[in-house]
Amino acid sequence: MAPSNLEQDIARLIVESLQLEVDPAAIDPDAPLFRTGLGLDSIDALELALAISRRYGIELRADDEQNGKIFASLRALAGYIGTHQK
């Protein structure tokens with residue numbers, strides 16, 4: 001399944017906000033964002049949560065038990081943003 005417009009926008013946000021040397025189009029929407037896959041870490045999660053808050057008006061809390069699911073993949077993150085965007 002091809003990435004949605006929101007997924008493409010979030011991929012660009014990830015690359016820009018974390019200053020990654022990867023083409024946003026190369027991010028597999030179903031691949032894990034952390035450890036394997038894109039290889040992000042906890043510091044990246046904080047920076048990404050701040051960038052998402054600024055762009056989409058969504059507050060992501062560090063102590064949210066759903067963070068593992070929310071940040072599981074680009075597609076999962078886009079699904080969460082799509083349903084919670086202001």
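Predicted model: local features only at pLDDT ≥ 70, side-chain atom pairs only at ≥ 80, totals over all residues.

**Helix packing**

The crossing of H1 past H2 is right-handed. H2 is the helix of residues 42-56, and its axis and that of H1 come within 10 Å, crossing at roughly 125 degrees. Angles of 65 to 115 degrees count as roughly perpendicular and those over 145 as roughly antiparallel, so H1 and H2 are oblique to each other. On the H1 side, the contact is made by Leu6, Asp9, Ile10, Leu13, Ile14, Glu16, Ser17 and Leu18. H2 contributes Asp44, Glu47, Leu48, Ala51, Ile52, Arg55 and Tyr56. Sorted by class, the residues of this contact are 9 nonpolar, 1 polar and 5 charged.

H1, which spans residues 5-18, also packs against H4, residues 74-84. Here the axes lie 9 Å apart, and the angle is about 110 degrees. That value falls in the 65 to 115 degree range, which means that H1 is roughly perpendicular to H4. H1 passes H4 in a right-handed crossing. From H1, the residues in contact are Leu6, Glu7, Ile10, Ala11 and Ile14. From H4, they are Leu74, Arg75, Leu77, Ala78, Ile81 and Gly82. The contact of H1 with H4 comprises 8 nonpolar, 1 polar and 2 charged residues.

Note on methods. Residues numbered from 1 in each chain as written. Heavy atoms only, no water. Axes fitted to C-alpha atoms, helices over the stretch in contact; angles between N-to-C directions. Helix = DSSP H or I, 4+ residues; strand = E, 2+ residues; numbered from the N terminus. Parallel < 35°, antiparallel > 145°, perpendicular 65-115°, else oblique. Left-handed = near helix turned anticlockwise from the far one by under 90°. Contact = heavy atoms within 4.5 Å. Nonpolar A, V, L, I, M, F, W, Y, C, P; charged D, E, K, R; others polar.
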